[in-house]
Structure formats: C-alpha cells, structure tokens
Amino acid sequence: MFTQIQSSARLQLLPPPVPPYSPLRRRPPLYRCHRSCASFRRLRVFSCTKVTTNEKNSTPGAESREFSEEDEVRRAYPFHEIEPKWQRHWEETKTFRTPDEIDTSKPKFYVLDMFPYPSGAGLHVGHPLGYTATDILARLKRMQGFNVLHPMGWDAFGLPAEQYAIETGTHPKTTTKRNIDRFRSQLKLLGFSYDWDREISTTEPEYYKWTQWIFLQLLKRGLAFQAEVPVNWCPALGTVLANEEIVDGVSERGGHPVIRKPMRQWMLKITAYADRLLEDLDGLDWPESVKEMQRNWIGKSEGAEMQFGILDIDGRERDVKFTVYTTRPDTIFGATYLVLAPEHVLLSTIASDAQRKDVEEYKELASRKSDLERTELQKEKSGVFSGCYARNPANGITIPIWVADYVLGSYGTGAIMAVPAHDTRDHEFALKYNIPICGVVIPENGSFSYFEEAYAGEGTMINSSSPTSGLDINGLPSKDAAAKVIDWLEETGNGIRKVNYKLRDWLFARQRYWGEPIPVIFRDDTGECIPISEAELPLTLPELDDFTPTGTGEPPLAKALSWVQTIDPASGGSARRETNTMPQWAGSCWYYLRFMDPSNSNTLVDKEKEKYWSPVDVYVGGAEHAVLHLLYARFWHKVLYDVGVVSTKEPFQCVINQGIILGEVQYTAFKGSDGNLVSADSVDDTSMFSQEIVPEEKVMKSGDSFVLKENPSIRLIARAYKMSKSRGNVVNPDDVVSQYGADSLRLYEMFMGPFRDSKTWSTSGIDGVHRFLARVWRLIVGSPSVDGKFKVGTVNLTEEPSTEQLRSLHRCINKVTEEIEGTRFNTGISAMMEFINAANKWDKLPRLVIEQFVLLLSPYAPHMAEELWCRLGHSTSLAYEPYPKVNPDYLKESTVVLPVQINGRTRGTIQVEKTCTEEDAFILASMDSKLSKFLNGETIKKRIFVPGKILNIILDTKSVKVAQR
C-alpha cells in the first residue's frame with residue numbers, strides 16, 4: 001500500500017543547493033513581501049516595497065543566506081519539497097520495476113534511450129531532451145494498460161576513460177564507476193521512470209561474458225577473421241581509429257596525427273549481410289533520411305569487373321594484368337587513363353624506375369589521410385604518373401596508369417578506368433594533368449561540351465566501336481550498351497558481371513586496454529588461432545597499472561605477461577592470448593536484448609522473454625548514430641537471428657532522432673585595428689578583425705538584426721553554438737533543477753519546439769513553464785498563507801461538472817493524447833495551458849475534471865501530479881491509474897453560427913443551438929442589435945429556414961425602409 005510521506009520528513013534524495021556563483025542562481029527580488037496583504041479568491045496581493053540598489057548588490061554570501069531565509073516566500077510552488085519526496089517514494093517502492101513474471105496477454109511497450117557514455121563532465125541540459133520524451137511515452141503507456149520496459153544502462157568501455165587513466169594514473173574502472181554514479185544521480189534527480197533493477201554496464205564481466213559469446217558465434221560462422229589491412233594508426237594514442245574518429249587528418253580526441261599503416265586486424269564480415277541489411281530497411285518506421293544514409297553507406301551498385309593488360313617498355317603486353325570495377329561499362333571506349341589507389345598491391349611492381357621515387361613519396365603522403373578526406377568531393381585532386389601504360393581491351397588504345405588518392409584500395413578492386421568526359425572527379429583530374437577527354441555518351445538534346453564539364457547522365461552511345469575487338473555499341477541507349485559490353489567481356493574473357501558494395505568489413509580490434517578481451521589464443525608453435533571454451537567465459541581483463549601505449553603497435557595488454565602467456569588446453573602446449581580488445585561499438589550492439597533478462601547467467605536472453613519484448617518499439621537518440629551504431633546493431637541482430645537467439649529480423653521497429661539543444665545565443669562584435677567597433681554588415685573578411693562577446697543586456701533587436709543599445713549603427717552577429725566546455729556555454733541541469741525544479745526543466749525542454757528540431761536554450765525561457773506549473777498548483781491547492789506556505793489538501797471542489805467544463809476537459813484530453821503519441825510534445829503542453837486558462841475563469845472546480853487533468857499532466861510533470869493526486873485524497877501512486885479517455889460526444893460543438901439574410905442578402909449572423917427551431921432562430925435574430933434595425937416595423941412576408949445552415953427573412957417590399965446604418 002501507498003504510504004504518505006510527511007512533508008516534514010527528512011529525505012536523503014535532495015536537490016543540490018544553489019552554488020553561490022552559479023549563473024542560474026535566482027536573481028534578487030525587485031520587491032520584498034511584507035506580512036500585510038489583501039486576500040481574494042485564488043489570488044493574494046502582497047504589500048510590497050522596492051529593494052534598494054545597495055540591497056540588490058549585496059555580497060554573494062549574504063545573498064545566499066537571504067535566499068535560504070526567504071525561500072518559502074519566493075517559491076512559486078514547493079517543488080523543493082515535492083520532488084525529493086516522490087523520488088524517494090518511487091525508489092523505495094520500486095514503482096517502475098518491470099517484474100520478471102508478467103501478464104503476457106497484455107500489450108507491451110519497450111521504449112529505449114540510446115546507450116549513453118558516462119563522461120566525466122556529467123549531463124548538460126541537452127541530454128535530458130530525449131530522456132524526457134521516452135519517459136513521457138513510458139508513463140503514458142503504463143497508464144494505458146501496457147506492460148512497459150523502460151531501462152537504463154551505460155556504454156562505459158572506450159578511449160576517453162583510458163586516456164584519463166594515462167594522464168592521471170587513475171584506473172579506468174575507478175573513473176568509470178565515479179562517472180556512472182554521477183550520471184545516475186542526475187537522471188534520478190529528473191524523475192525518470194527507469195527500472196533501475198535492470199541497470200547494466202558494458203564493463204561488467206557478467207555483461208561482457210555475452211559480448212564475448214557473440215564473438216565466438218561469429219568466429220564459428222566464418223564472420224570473424226584476421227586480415228592484413230591498412231588502418232588509421234595514431235602513434236600518440238597508440239591505437240587504430242575508425243574513419244569517423246579522424247578530423248582533418250588528426251584524431252578527434254586530442255588532435256594527434258594519424259597515418260595509414262598495414263596491420264593484422266580482426267575483421268567482422270558485415271558485407272555478407274549487405275543485401276539483407278538493405279532489403280529489411282523498407283519495413284522499418286525510421287526517418288527516411290536515416291534509411292537513406294544507411295542505403296548510401298552500404299552502397300550497392302551493379303556493374304562489371306574488367307581486366308587491363310600492363311605493357312612493357314616496348315608496348316608489348318606483360319603477363320601482369322589488373323582488374324578494375326566500374327558501374328558504367330557502357331563508357332569503356334571513353335576510358336583515357338587508369339588510376340590505381342596508392343595502397344594497390346601492384347603499384348610497387350609496375351612503377352617505372354624513373355617514376356618510382358615520386359610514386360613512393362605520394363604513397364607516403366596519402367597514408368596520412370583518412371578515407372573520408374581522400375574522397376571528399378570538394379578537395380583538389382592530386383596524383384602522380386606511374387610511368388607505366390596499359391591497353392584498353394575495347395579499342396586497343398594505349399592509356400597511361402596514374403596513382404591518385406581519390407581511389408581507395410578498400411573499395412572495389414582499388415583501381416578504376418577513368419572516363420573524364422562522364423565522371424566529375426575524373427574530369428577535374430584530366431584537366432589538371434592535361435589528359436585527353438573523349439565523349440562517348442550524348443544526351444537526348446544531342447549536344448554537349450565535354451571539355452567544360454562532365455556529363456554523368458545516360459543517353460545514346462557515340463565513338464564506341466572497334467573493328468579490332470569486334471565490339472560496336474554506337475547508337476545504343478546507355479543501359480542496352482552496358483549489357484552488351486558485359487556480355488562481350490564475359491565472352492572474350494576480359495571481365496565479368498559484378499555486384500559491388502561501398503560497405504567494408506568491420507574493423508573489430510583496438511590497441512587499447514579498456515575494452516572487452518577477445519576470447520581467443522594463439523599456439524606458440526603453429527600460430528593457430530583457437531577460440532577459448534564458452535565455459536571459460538568471461539575472459540576478464542587483467543589488472544594493470546601502466547596503460548600507456550607501447551609505441552610498437554602492440555596493445556597495452558601485452559604488458560600483462562602472466563595473463564598473456566597461457567596453455568592450449570587441447571595440446572597442452574604454450575600459447576598467447578589475443579592482446580587487442582574489442583571496439584566500443586561491441587557492447588552497444590546488443591544491450592537492448594540484455595535489458596529483457598539482465599540477471600540470466602545461463603543464456604544471453606531467455607527465449608520467451610525475448611519473444612515477448614522484441615523488437616524495441618521506440619528507440620530514441622541522436623542522428624549522429626544514424627549509420628554506424630544502428631548498422632552494426634542490425635548486423636549482430638541478424639546473426640543472432642540466424643543462430644536462433646532472437647525471433648525478429650530487426651532490433652528497432654521505430655527510431656526517432658531528437659534535435660540538438662544549442663547553447664544560449666552569443667552576441668559578437670567586430671573590432672578594427674584602431675580599436676573601434678565595426679558593424680557586422682560591413683565586414684567581408686572576418687580575419688581582418690578581432691571579435692569580442694557582447695553581454696545580452698547591452699543588445700537590442702532592430703528589425704531582423706541585433707545591434708548595440710548604446711550605438712544601434714553597430715550590427716552584431718547572433719549565433720547559438722553546440723554546448724561544449726571549450727565554449728563555456730554548458731548549462732548544468734542540476735542548477736536548473738535547484739532553481740526551478742525538475743518538472744519545470746522537463747516541461748521546458750518539451751515546450752521549446754518540435755522534438756526533432758534543433759533548439760536554442762534560453763534560461764529566461766524556462767520562467768514561462770515554471771509560471772504555468774505554479775498556476776496549476778494555485779488553481780488546485782490555493783494561494784499561500786502570509787508566511788509563504790501552502791495548506792494541506794486542495795481548494796473546495798464541487799462534484800458535478802457542467803457540460804462546458806466537460807467539453808473543455810475532453811478537448812484537452814484529445815489534443816494531449818494525440819500529441820504525445822505523435823511526439824509533438826510542445827503542442828500538447830499548449831493544450832494544457834489553454835485548459836488552465838479556461839479553468840481559472842470558472843467559479844467552481846469540479847473534482848472529476850481536476851482529477852482527470854492531473855492524470856493528463858502526470859507524464860510531463862510527474863512530481864507535481866503525484867503530489868496533487870495525493871492531496872486529492874488518493875492513497876496510491878497515479879503511475880498505473882487509467883489514463884483519461886476522450887469522449888467524442890464532448891468534442892462535438894453544440895452551437896453553430898447561423899447566417900441571417902434579409903431578402904436574400906446576408907445582413908449578419910447569430911449563435912444558435914444545433915437543435916434550434918425556426919421560431920427560436922427568428923426570435924434571436926429579432927433581438928440582435930444589428931439585425932433588428934432591418935426588421936423593426938416591417939411586414940414579414942415569409943421565412944425560409946434550413947436548420948444549422950441559414951435563416952432567410954423575406955419582407956414585404958412595399959413597406960421596406962432603409963435601415964439606419
């Protein structure tokens with residue numbers, strides 16, 4: 001049973017005090033309240049005196065003490081008592097725990113936040129945006145009778161903790177635990193209804209035992225393998241980096257130089273699932289932009305592989321050939337040069353002596369660039385001639401072989417036939433290096449200047465026949481020509497039809513300590529890779545004091561000699577453990593499954609539980625995870641589907657990307673070399689000016705621009721930036737909660753704008769929703785007494801609502817329910833504000849209406865709603881109370897606006913009941929001040945009445961007089 005917590009009880013879970021120098025500390029009041037006051041219905045007007053300037057400018061310490069002493073008077077409602085009280089209650093009673101044994105006949109709702117990484121900085125106000133949305137959905141569905149799974153955990157392995165350990169000597173385990181504790185306390189402070197009994201961390205051996213188990217299943221099926229591959233090696237960090245972890249040639253973390261280096265690495269064969277990953281996207285309720293990003297990343301294309309023979313110095317074909325892949329085999333006659341990737345295996349063999357030095361230098365230069373940098377369309381093309389030639393098999397023409405970094409060794413065959421007339425990159429390269437351009441496709445309009453730009457579209461083939469090869473595709477449409485070329489390639493042995501993918505196999509090893517150990521050993525005598533027994537899992541990390549990179553490419557785990565050196569149980573011979581660890585992506589690929597059955601030590605997830613809870617119904621997170629995390633998780637899920645662990649083909653049915661909350665708007669002024677300010681609209685080159693931040697109080701809006709108050713001719717730059725410590729624009733949610741309460745923060749983040757859009761934080765903007773909550777509180781509880789405290793219970797409530805009050809309530813229910821389920825939270829809040837505006841005008845408050853509204857409010861502002869529910873006389877939490885249902889009858893308008901015509905001309909309108917009779921409508925028209933001018937003293941010939949549509953009064957024209965206007 002529910003136990004009411006007395007407001008005087010001392011609670012452990014309290015919001016933190018306001019820091020003395022916090023930027024969010026409540027401003028000193030302009031007016032200080034006296035005891036004497038006049039009291040009105042639901043309104044208390046205080047007698048006030050103005051605070052002097054000296055009082056406002058008191059010292060921080062004194063101001064902080066004053067805040068504490070007059071806290072009760074200043075607070076719009078007692079959130080500082082309400083919120084800790086209900087957080088304590090939810091935790092003690094495990095209100096939101098989803099039991100292991102549930103009634104599976106009820107519908108389920110699995111709502112999940114994307115796994116957060118617990119950084120040392122803790123949360124800023126941008127993080128709760130998605131968490132608040134999922135919490136609103138979870139609370140709604142519980143009240144609608146669903147079994148709800150709403151868990152939280154931590155993606156806690158990774159490079160940041162390891163770098164911190166290297167810098168400070170603190171073990172990553174210690175740092176990670178401290179960060180998790182910090183995140184957890186912040187999330188609890190906001191009242192999120194997570195089932196904390198299901199909390200998991202990827203760093204716990206009980207969890208990564210099953211990550212290692214999944215790796216063994218991949219290994220059994222040939223989906224995990226080792227290969228020598230060029231990788232992004234960062235010597236300073238001592239690890240391999242993914243392309244996405246490199247920005248402008250340096251590591252995203254730390255800004256260290258990155259080079260390309262061949263290393264033996266573990267790979268996962270995600271390419272084996274490319275077609276399934278593509279096909280199954282169609283059935284998902286995901287943003288179309290995310291699905292398109294995944295399609296582009298997979299990059300399926302159909303074309304041909306063709307062979308080119310390399311020529312010796314005398315122009316004769318050598319016994320060396322290389323293969324190129326093209327999606328446009330129809331353009332083979334337009335190939336005027338070939339390009340090899342700098343890392344192509346044949347490059348060192350075929351480069352001429354005269355060009356070898358240039359080729360080797362270019363290879364070294366290219367090795368310092370990431371794949372993303374090399375393939376960026378806007379970058380200037382670069383390359384070097386190999387000194388070697390090949391023969392085009394279609395026309396027998398000799399063409400040069402170049403080396404260029406815009407071709408990747410990891411895509412296709414690492415070599416292309418370049419057709420500058422019909423490919424933009426090839427065109428730019430050909431113009432730069434004076435290579436011939438030959439157009440072979442003419443567009444439908446029949447003309448094109450191939451030297452000015454490339455024509456990449458389809459059309460009719462020209463310049464495309466050769467008596468030597470017997471191939472003639474002149475006059476054919478592009479698609480027919482491509483098919484004919486492929487047939488010719490296969491018939492002559494010069495090539496084959498080929499489907500290709502941009503998707504590369506997943507590099508699945510990191511040279512780090514803080515990650516999941518890979519559960520394999522290597523025999524010392526043969527080098528054979530042997531998976532460890534599943535019974536030996538988890539293979540735990542050894543304790544290390546030195547986490548620094550070895551500098552040789554060997555991971556830090558290589559330093560744990562007693563752990564590395566082991567015995568092969570099958571042969572009894574000596575062996576070594578794998579010293580690479582798994583990437584951070586590993587643990588986050590399957591955590592949604594473990595939440596279904598977090599304590600199971602015998603299997604990854606119970607089959608019946610998985611069958612009931614799968615798939616995740618709503619998955620919310622940032623768009624930055626649109627490709628890699630979602631793609632990797634889908635890949636692992638499909639493997640587990642094939643293994644028989646899961647019953648669905650996809651893990652996440654609906655994905656929603658929340659927008660970003662930017663920091664507060666910053667105003668910037670430009671200053672010239674003479675020290676004078678310069679208006680932003682006259683600045684062309686910003687590098688010629690210094691910039692300085694202008695405080696908001698010195699800024700005013702002028703039209704569409706912002707200017708200096710003291711000099712409006714100086715226009716400023718106004719811009720909001722992503723929150724970051726380096727910019728100093730991070731807002732801590734703890735400070736906001738301390739000043740306004742968690743419910744106000746939750747409500748404000750939902751009210752800022754459409755959930756999926758980016759929004760700009762405004763600390764002053766939170767005042768509006770805080771005042772709204774205060775109005776709700778005073779409407780139901782009443783005004784405070786002279787000492788600032790509120791009475792127990794509520795104002796007097798009546799029993800029977802009027803029809804109009806029920807209409808107002810059900811319009812609100814209808815709107816709020818629709819908007820929550822459509823994740824249009826801001827307009828749902830607007831509907832509640834409209835209801836409260838209406839309710840404040842009522843003479844009496846019906847209990848039924850108020851109780852229904854409190855339930856409606858509860859997903860958004862759960863602390864206040866729980867307190868009001870308790871004050872309304874209920875002894876149990878409202879978390880599982882039935883959510884209000886709309887009665888369609890109350891959505892129908894009972895009145896209509898009826899046009900009134902006099903002799904066929906509309907003279908006005910009247911408001912009538914839908915059931916209004918002709919006589920009643922005529923009486924109302926006669927009483928209308930505007931219409932009565934046309935009727936007074938006139939003889940009525942007849943009346944034409946269409947119920948709900950029109951009233952037409954026909955006057956005797958002989959007696960009609962013009963009405964006074």
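**Strands and their partners**

Start with Phe522: its bridge partner in β25 is Cys529. This is a predicted model, where local features need pLDDT of at least 70, side-chain atom pairs count only at pLDDT 80 or more, and totals for chains, interfaces and linings use all residues. Residues are numbered from 1 along each chain as its sequence is written, and side-chain values use heavy atoms, with hydrogens and water left out.

Some terms. Strands are DSSP runs of E, at least two residues, numbered from the N terminus. Two strands pair if DSSP finds at least two bridges between them.

Back to β25. Strand β24, residues 520–523, runs antiparallel to β25, and three bridges join them. Both belong to an open sheet of four strands, in the order β25-β24-β27-β26, with antiparallel pairing. Its edge strands are β25 (529–531) and β26 (565–567), and each pairs on one side only. From one strand to the next, the twist averages 45°. Such angles run from 0 to 180 degrees between N-to-C directions, with axes fitted to C-alpha atoms.

What about its partners? Strand β38 (residues 895–902) pairs with β41 in the parallel sense, over three bridges. Here Ile902 stands opposite Ile953. Strand β40 (residues 940–946) pairs with β41 in the antiparallel sense, over six bridges. There, Lys942 stands opposite Ile954. The hairpin of β40 and β41 has three residues between the strands, and Gly948 takes a positive phi near 75°.
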